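Student: Could you show me how to read a few features of a protein model?
Tutor: Gladly; let's look together.

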Amino acid sequence: MQTPTPSLEMRHARLDAWRGTWMVWMAAFHLAFDLAHYRLIDANFYVDALWTTQRTLILSGFLFWAGWSQGLALAAGQSGPRFARRWLQIAGAACLVSVGSSWMFPNSWISFGVLHAFALLLPVLRWAGPHLPTPALVGVAALAVALPALVQHPVFDSRWTNWVGLVTHKPITEDFVPVLPWVAPLLLGLAAARSPRCLRLMQGPLPEGGLGRLARGLAALGRWPLSFYLLHQPVLLAALLGGLWLWRSA
């Protein structure tokens with residue numbers, strides 16, 4: 001009797017659960033940021049290692065999972081039109097983030113944040129998947145991490161050029177995800193998607209019991225990263241401002 005092939009949903013459930021975990025972490029991080037913005041807690045998100053380290057880990061994870069997902073999509077033969085539709089969604093969302101941040105933070109609006117990086121780099125991954133061997137992906141990732149520490153020039157300090165990443169100082173902006181070094185986790189995720197050992201870790205059913213219910217909830221959440229990214233901050237801010245209004249009105 002032939003063993004039934006696991007569904008695509010089952011084969012990707014663990015990846016979705018990890019991505020969902022990162023999404024919850026991101027939301028908690030942004031809630032803390034909002035509380036600090038309205039002076040409800042004392043926290044410096046720009047220099048305090050407690051927060052800057054979390055930002056690095058959250059961002060690295062999102063990019064790594066995105067690279068892995070793109071590797072799986074390439075292996076599954078994702079069509080060009082489907083990729084184009086997804087890319088247009090991300091590029092449009094990046095524009096919305098720029099517009100929204102310019103309203104909320106006029107002096108530090110987001111000109112090249114995480115969604116801008118995705119929009120620029122996903123076509124690079126689409127090309128790199130079929131053309132670059134795994135050692136080349138790892139090598140380019142290492143170079144991407146090293147270059148910003150070795151090369152900086154004032155020509156890269158303007159909003160028109162800082163997206164490259166070879167800046168002499170970090171620009172004043174609420175989110176800054178330049179190509180260098182942040183293409184690195186994307187490339188490493190793409191490389192991981194090619195590794196049979198990594199794939200075995202991500203395949204198979206989710207655990208049973210309470211942990212399984214939690215994992216399935218995170219996996220369901222992890223299938224909607226773009227929607228969650230766009231909606232979670234407005235929801236958090238509405239809840240926070242509504243709560244403040246009720247408290248001050250009481």
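**Reading a buried aspartate and a nonpolar core**

Tutor: Asp175 sits in the loop between α6 (134-150) and α7 (179-192); helices here are DSSP runs of H or I with at least four residues, numbered from the N terminus. This is a predicted model, in which local features need pLDDT of at least 70, side-chain atom pairs count only at pLDDT 80 or more, and totals for chains, interfaces and linings use all residues. Residues are numbered from 1 along each chain as its sequence is written, and side-chain values use heavy atoms, leaving out hydrogens and water.

Student: Is Asp175 buried or exposed?
Tutor: Buried means under 20% relative accessible area, exposed over 50%, and partly exposed in between, with a 1.4 Å probe and protein chains only. Asp175 has 13%, so Asp175 is buried.

Student: Which residues does Asp175 touch?
Tutor: Contact means heavy atoms within 4.5 Å. Not counting residues up to four places away in sequence, Asp175 touches Arg55, Ile110, Phe112, Gly113, Val114 and Tyr229. A polar atom of the Asp175 side chain lies 3.0 Å from the backbone nitrogen of Val114.

Student: What is a nonpolar core?
Tutor: In soluble globular proteins, nonpolar side chains tend to be buried together. A core is a set of buried Ala, Val, Leu, Ile, Met, Phe, Trp, Tyr and Cys residues joined through side-chain atoms within 4.5 Å. The largest one here has 56 residues, and Val114 and Ile90 are among those that touch the most other members. Its largest share, ten residues, comes from α7.

Methods
Helices (H or I, at least four residues) and strands (E, at least two) are DSSP runs, numbered from the N terminus. A polar contact is a pair of N or O atoms within 3.5 Å; within protein, one must be able to donate a hydrogen and the other to accept it, and residues adjacent in sequence count only if both atoms are side-chain atoms.
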